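Please consider the following note alongside the coordinates.

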Amino acid sequence: MADDARERGDRKQPPLDEAALSARFKRLGERLGHVHSDRPSESSPDQRPTADPSAIARGFRLSTELVAGVLVGAAVGWVIDRWLGISPWGMIVFLLLGFAAGVLNVMRAAGVVPTKTLDPPDSN
Amino acid sequence: MDPIHQFEIKKLFPIARIGGMEIAFTNSALFMLIGLLLILLLMLGATSSRALVPGRLQSVAEISYEFVATTLRSTAGTEGMKFFPLVFSLFMFILVLNVIGIIPYTFTVTSHIIITVSLALLVFFTVIIYGFWKNGLRFFKLFVPSGIPIYILPLIVFIEVLSFLSRPISHSVRLFANMVAGHIVIFFLIALTVLISPFVAPVSVAFALGIFMLELFVALVQAYVFTMLSALFIGMTQHAH
């Protein structure tokens, strides 16, 4: 009630009244701060109201990660074989490395190994 | 009875001729344009009124904005938001084209690997170029994990590089394969009525309807997965201070 009365009072005053204007700005800022303060909590996963879509996304992610690693290994091995003429060896080595990279991909996608970032060394 | 027939590229009319190659306006290009127009209409229609209490169109646009913004902010951090235009465009483009593709008699643009590879490489090169521009040679530290004994370090570096290179492949193959597989499954479920006997129609149509719903869901999820992985990939370069 008191709040309402004050607001009505604000509105009746001429807008040139600097003190009232700044008071209203302050109140607006406080209210906006109130609204924005629950923003960062959105990013925490357990407070999301709906089902977490990233779980489904993670499931779909796993499907191709291993294959992609092996494919890249095969492609790199083939190119190295052609360039250096060491025919089966590049393919053999890089297929194995590609398989390892695929397994690493899957482990990253599943969250077993943390995703690599360019973090400064002291933070992790 | 050819399940691949629905993905065939048809030339509608020629545009230009570069060298010996004919550049034609295909059905793929047509549906890309349709998708683009739909996105444009949605966004222009949504932002024309700019009501405080959003209408139908405006809330669709606002939900998609909030969705992509939340995804990007939570995976790539606030600094990643400078890539928001790219990521949002990717999301809307893939989402609209996936959903258009589900409608019968339309063409699914994202069922061609050349499209998905192009989109994935766009993100890939954006990350590489931006990473080098921002971090310089420190970008290579991405491939060198800390705390590894020196004698297996070369091996680990090779594996990390291959893992990095495999990202655009897994990225593009996932989208392409999901779209193609879903459409072929629907095709064959309906084709069973011709291949076996018309009496299987109730069962096959019921199943096709179920897969159809699943495909609608997959269209959404695949657009989201592509967006999320782009955001994740962009986030890799973001945390350098």
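**Note on the structure**

1. Setting aside residues up to four places away in sequence, B:Phe143 touches B:Val157, B:Glu160, B:Val161 and B:Phe164; two residues are in contact if their C-beta atoms, placed from the backbone, lie within 7 Å. B:Phe143 lies in the loop between helix 4 and helix 5 of chain B. With 16 C-beta neighbours inside 10 Å, B:Phe143 counts as partly exposed. On this scale a residue is buried if 20 or more other C-beta atoms lie within 10 Å of its own, exposed if 12 or fewer, and partly exposed in between, with C-beta atoms placed from the backbone. The C-alpha atom of B:Phe143 is 41 Å from that of B:Ile211, a residue 68 positions away along the chain.

2. Basis of the note. This is a predicted model, in which local features need pLDDT of at least 70, side-chain atom pairs count only at pLDDT 80 or more, and totals for chains, interfaces and linings use all residues. Residues are numbered from 1 along each chain as its sequence is written, while chains are lettered from A and ligands numbered from 1 in the order in which they are written.

3. Overall make-up of chain B. Chain B contains 6 helices and 2 strands, in the order β-β-α-α-α-α-α-α from the N terminus. Helices (H or I, at least four residues) and strands (E, at least two) are DSSP runs, numbered from the N terminus. The C-alpha trace of chain B spans about 65 × 55 × 45 Å along its principal axes. Of the 241 residues in chain B, 32% are buried. Among contacts in chain B between residues at least 6 apart in sequence, 62% join residues at least 24 apart.

4. Helix 1 against helix 2. In chain B, the axes of helix 1 (residues 27-49) and helix 2 (residues 56-76) come within 8 Å and cross at roughly 110 degrees. That makes helix 1 of chain B roughly perpendicular to helix 2 of chain B. Axes are lines fitted to C-alpha atoms, for helices over the stretch in contact, and angles run from 0 to 180 degrees between N-to-C directions. Angles under 35 degrees count as roughly parallel, over 145 as roughly antiparallel, 65 to 115 as roughly perpendicular and the rest as oblique. Helix 1 of chain B passes helix 2 of chain B in a left-handed crossing; a crossing is left-handed if the near helix is turned anticlockwise from the far one by less than a right angle, and right-handed if clockwise. Helix 1 of chain B contributes B:Leu42, B:Met43, B:Gly45, B:Ala46 and B:Ser49 to the contact, and helix 2 of chain B contributes B:Leu57, B:Gln58, B:Val60 and B:Ala61. By class, this contact of helix 1 with helix 2 of chain B has 6 nonpolar, 3 polar and no charged residues. Ala, Val, Leu, Ile, Met, Phe, Trp, Tyr, Cys and Pro count as nonpolar, Asp, Glu, Lys and Arg as charged, and the others, Gly among them, as polar.

5. Helix 2 against helix 3. Helix 2 and helix 3 of chain B pack at an angle of about 125 degrees, with their axes 10 Å apart. Helix 2 and helix 3 of chain B are therefore oblique to each other, and their crossing is right-handed. The contact joins B:Ser64, B:Val68, B:Ala69 and B:Leu72 of helix 2 of chain B to B:Phe84, B:Val87, B:Phe88, B:Phe91 and B:Met92 of helix 3 of chain B. This contact of helix 2 with helix 3 of chain B has 8 nonpolar, 1 polar and no charged residues.

6. Helix 4 and its flanks. At 1.5 Å a residue, the 23 residues of helix 4 of chain B should span 33 Å, and its end C-alpha atoms are 32 Å apart, which agrees; the expected span is 1.5 Å times one less than the number of residues. The buried residues of helix 4 of chain B include B:Leu119, B:Val123, B:Phe124 and B:Val127. Helix 3, helix 5 (153-195) and helix 6 (201-236) of chain B are among what covers the buried residues of helix 4. B:Gly136, with a positive phi near 65 degrees, follows helix 4 of chain B.

7. A backbone point to check. B:Tyr105 has a positive phi of about 70 degrees although it is not a glycine. B:Tyr105 is found in the loop between helix 3 (84-102) and helix 4 (113-135) of chain B, and is exposed, with 5 other C-beta atoms within 10 Å.
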